[in-house]
Amino acid sequence: MTGQFPFSTSILGDCVFVEMRWNGSKPEGVLHIPTAICGELRRAGYDQFETGHAYHLPMAVGIAVTLSMLTYTPWYLAGDQSVWTEEWGQMHPGDASGFVAH
């Protein structure tokens with residue numbers, strides 16, 4: 001198990017989140033980045049990360065955690081819970097707005 005992962009059924013506009021979904025039989029994550037930090041990321045040279053871009057789910061989670069660490073912005077998972085593999089870790093439902101990766 002990799003860790004514990006915040007999950008929310010609510011969309012929190014001031015957080016980085018990964019919207020989980022299936023792409024055929026493959027787990028996919030759509031990365032959502034708050035508008036407030038998009039400019040900050042571009043100025044710091046991280047312009048390769050775009051909101052709304054779909055990645056293989058483990059990659060999307062890794063990017064979300066990294067962006068959370070760089071910007072001190074909370075992150076969480078959302079979307080189709082059936083995409084998640086328990087071997088990766090436990091999802092913790094609830095208010096993830098206070099979760100910032102350090």
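**Chat notes on a predicted model**

Me: What share of contacts between residues at least 6 apart join residues at least 24 apart in the protein chain?
Reply: In the protein chain, 70% of the contacts between residues at least 6 apart in sequence join residues at least 24 apart. Contact means heavy atoms within 4.5 Å.

Me: What kind of model is this, and which pLDDT limits apply?
Reply: This is a predicted model, where local features need pLDDT of at least 70, side-chain atom pairs count only at pLDDT 80 or more, and totals for chains, interfaces and linings use all residues. Residues are numbered from 1 along each chain as its sequence is written, and side-chain values use heavy atoms, with hydrogens and water left out.

Me: How many helices and strands?
Reply: The protein chain has two helices and six strands. Their order from the N terminus is β-β-β-α-β-α-β-β. Helices (H or I, at least four residues) and strands (E, at least two) are DSSP runs, numbered from the N terminus.

Me: And how much of the chain is buried?
Reply: Of its 102 residues, 43% count as buried. Buried means under 20% relative accessible area, exposed over 50%, and partly exposed in between, with a 1.4 Å probe and protein chains only.

Me: Which residues have the most contacts inside the largest nonpolar core?
Reply: Met20, Leu31, Leu77 and Trp84, in a core of 22 residues. Strand 1 (3-7), strand 2, helix 1 (35-43), helix 2 (57-71) and strand 5 each supply at least two of its residues. Helix 2 gives the largest share, six residues. A nonpolar core is a set of buried Ala, Val, Leu, Ile, Met, Phe, Trp, Tyr and Cys residues joined through side-chain atoms within 4.5 Å.

Me: What is Met20 in contact with, leaving aside neighbours within four places in sequence?
Reply: Its partners include Phe7, Leu57, Leu77, Val83, Trp84 and Met91. Glu28, Asp80 and Gln81 are also among them.

Me: Which residues does the second core include?
Reply: That separate core has five residues, including Leu12, Cys15, Tyr76 and Ala78.

Me: Are Cys15 and Cys38 buried or exposed?
Reply: Cys15 is buried, at 2% relative accessible area. Cys38 is buried too, at 14%.

Me: Switching to rings. How many aromatic pairs?
Reply: Four. The rings of Phe17 and Tyr76 have centres 5.2 Å apart and planes at 15°, so this pair is stacked. Rings of Phe, Tyr and Trp (its six-membered ring) pair if their centres lie within 6.5 Å; planes under 30 degrees apart count as stacked, over 60 as edge-to-face and the rest as tilted.

Me: Where do Phe17 and Tyr76 sit?
Reply: Phe17 is in strand 2 (residues 16-23) and Tyr76 in strand 5 (residues 75-79).

Me: Which residues do ring pairs link into a cluster?
Reply: Phe5, Trp75, Trp84 and Trp88.

Me: Now the helices. At what angle do helix 1 and helix 2 cross?
Reply: Roughly 85°, with the axes coming within 11 Å. That makes helix 1 roughly perpendicular to helix 2. Axes are lines fitted to C-alpha atoms, for helices over the stretch in contact, and angles run from 0 to 180 degrees between N-to-C directions. Under 35 degrees counts as roughly parallel, over 145 as roughly antiparallel, 65 to 115 as roughly perpendicular and the rest as oblique.

Me: Which residues make that contact?
Reply: Ile37, Glu40 and Leu41 from helix 1, with Leu67, Leu70 and Thr71 from helix 2.

Me: What do the buried residues of helix 1 pack against?
Reply: Strand 2 and helix 2. The buried ones are Ile37, Cys38, Gly39 and Leu41. Ala36 also lies in helix 1, but counts as exposed at 71% relative accessibility.

Me: Which residue just after helix 1 takes a positive phi?
Reply: Gly45, at about 90°. Tyr72 has a positive phi as well, near 55°, and is not a glycine. Tyr72 lies in the loop between helix 2 and strand 5 and is exposed at 61%.

Me: Last one. Where is His53?
Reply: In the loop between helix 1 and strand 4 (54-56). His53 is partly exposed, at 37% relative accessibility. Beyond neighbours within four places in sequence, His53 is in contact with Gly29, Val30 and Leu31. His53 and Leu31 are 22 residues apart in sequence, yet 5.7 Å apart C-alpha to C-alpha.
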